[in-house]
Amino acid sequence: MYSPPPDPDTEQRMRAHHACAAKALDVRVEPGGEFWGWAGRTLGAPARTATGEPAWLRLVSSPEDKAAGKLWDGALDAQHVFGDLDGRRPALLAVHDAVDDGTAYRAELSVRVDQPVLSDDPVLQRDPQLPDSWWEDLTGTLEKVAAVDTDRVAVRQQYMDRAIPMFVGIPAPAVTCWAAAHADLHWANVTAPLRLLDWEGWGQAPEGFDAATLYAYSLLQEDVAARVRDAFPVLGSPAGLAAEATVCAQLLQTVSRGDNLALADQLRDWSAELRRR
């Protein structure tokens with residue numbers, strides 16, 4: 001999903017530090033394919049290692065006093081815990097940190113994923129016509145993720161207690177099981193053959209959280225949404241209610257801020273269904 005460059009000063013600083021990181025990590029950045037993240041916070045580009053292997057160099061910036069914690073260390077923590085997740089996750093090859101004038105910069109060099117993501121937008125706009133084998137790979141991979149023991153937290157009980165009554169209209173359901181989750185499983189973070197991208201926010205969440213997230217972003221495509229439910233029987237079950245209510249609340253909250261407006265009617269229908277359960 002294309003995001004335009006930030007203001008000229010930020011753009012200049014990010015490009016300069018991206019180039020410095022490339023030199024420090026001994027990689028050559030390739031022209032074309034540059035990707036800017038939200039508000040210029042990240043800058044990624046294709047690269048080649050010293051041995052000619054294709055890679056991806058991503059630079060993240062943050063105020064120095066905030067360069068810590070879950071999001072900052074997500075990719076590094078994921079590498080330590082999952083590795084390449086049996087080929088389903090682009091392995092992190094190296095990290096380079098720098099600080100300049102109160103801003104911290106972290107460069108993450110990863111194996112390049114050549115397959116395009118399944119959607120330019122997190123919200124699915126067309127049916128990708130995925131084979132059964134893709135869905136089997138997805139369910140198997142998420143089972144491996146859920147089996148990991150971690151103290152990282154993707155969803156906090158305090159958020160659920162506050163947001164679910166406000167946006168869904170029911171008390172926060174009891175969580176019967178907390179499990180590790182990718183926690184940002186939408187259609188702009190997956191490819192075919194299956195690769196799961198963007199591991200910044202992974203951590204513990206209510207059981208079924210990844211399935212509920214993918215379902216939410218599939219709501220404009222009824223056949224795909226039904227396929228998500230078929231692949232993940234936890235959806236619609238008592239065990240999955242907490243995850244579904246949490247994801248529904250999260251996205252309705254974004255709608256209230258003017259984002260994901262295309263999903264507004266479907267999310268309200270989903271929240272009404274959750275209230276009846």
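Let's start with a pair of charged residues: Asp 265 and Arg 268 join their side chains in a salt bridge, with N and O 3.6 Å apart. Both sit in helix H8 (residues 264-276), three residues apart, which puts about one helical turn between them. The structure you are looking at is a predicted model.

**Salt bridges**

- Side chains of opposite charge can pair when their charged atoms come close.
- The count of salt bridges in this model comes to 17.
- An α-helix has 3.6 residues a turn, so residues three or four places apart point the same way.
- Arg 41 and Glu 200 also form a salt bridge, and their closest N and O atoms are 3.4 Å apart.
- Arg 41 belongs to the loop between strand S2 (35-36) and strand S3 (42-49), and Glu 200 to the loop between strand S7 (178-181) and strand S8 (203-206), so this pair ties together parts that are 159 residues apart in sequence.
- Of these two partners, Arg 41 counts as partly exposed at 27% relative accessibility, whereas Glu 200 counts as buried at 15%.
- Salt bridges with shared partners link Arg 41, Arg 58, Glu 108 and Glu 200 into one network.
- Another salt bridge brings Lys 144 and Asp 86 together, with 2.6 Å between the closest N and O atoms.
- Lys 144 lies in helix H3 (residues 132-146) and Asp 86 in the loop between helix H2 (70-82) and strand S5 (92-100), so the two tie together parts that are 58 residues apart in sequence.
- Here Lys 144 is partly exposed, at 43% relative accessibility, and Asp 86 is exposed, at 57%.

**Where helices H3 and H6 cross**

- Two packed helices are described by the angle between their axes and the distance between the axes.
- For H3 and helix H6 (residues 222-231), the axes come within 11 Å and cross at roughly 50°.
- That angle makes H3 oblique to H6, and the crossing of the two is right-handed.
- On the H3 side, the residues that meet H6 are Asp 132, Trp 135 and Thr 139.
- On the H6 side, Val 224, Arg 227, Val 228 and Ala 231 meet H3.
- Sorted by class, the contact of H3 with H6 has four nonpolar, one polar and two charged residues.

**Helix H5, an enclosed helix**

- Eight of the eight residues of helix H5 (residues 209-216) are buried, so this helix is largely enclosed by the rest of the structure.
- These buried residues are Phe 209, Asp 210, Ala 211, Ala 212, Thr 213, Leu 214, Tyr 215 and Ala 216.
- What do they pack against? The buried residues of H5 pack against H3, S7, S8, H6, helix H7 (241-256) and H8.

**Backbone details in the loops**

- Most residues other than glycine have a negative phi, and most peptide bonds are trans.
- Leu 85 has a positive phi, near 50°, and is a residue other than glycine.
- You will find Leu 85 in the loop between H2 and S5, where it counts as buried at 7% relative accessibility.
- Setting aside neighbours within four places in sequence, Leu 85 is in contact with Thr 141, Lys 144, Val 145 and Trp 199.
- Leu 85 and Leu 59 are 26 residues apart in sequence, and their C-alpha atoms are 23 Å apart in space.
- Gln 129 likewise has a positive phi, near 55°, in a residue other than glycine.
- Gln 129 is in the loop between strand S6 (103-111) and H3, and Gln 129 is exposed, with a relative accessible area of 63%.
- A cis peptide bond joins Ala 192 and Pro 193, with omega about -5°.
- Pro 193 is in the loop between S7 and S8.

Notes:
Residues numbered from 1 in each chain as written. Predicted model: local features only at pLDDT ≥ 70, side-chain atom pairs only at ≥ 80, totals over all residues. Heavy atoms only, no water. Salt bridge = Lys/Arg side-chain N within 4 Å of Asp/Glu carboxyl O. Helix = DSSP H or I, 4+ residues; strand = E, 2+ residues; numbered from the N terminus. Buried < 20%, exposed > 50% of the residue type's maximum accessible area, 1.4 Å probe, protein only. Axes fitted to C-alpha atoms, helices over the stretch in contact; angles between N-to-C directions. Parallel < 35°, antiparallel > 145°, perpendicular 65-115°, else oblique. Left-handed = near helix turned anticlockwise from the far one by under 90°. Contact = heavy atoms within 4.5 Å. Nonpolar A, V, L, I, M, F, W, Y, C, P; charged D, E, K, R; others polar.
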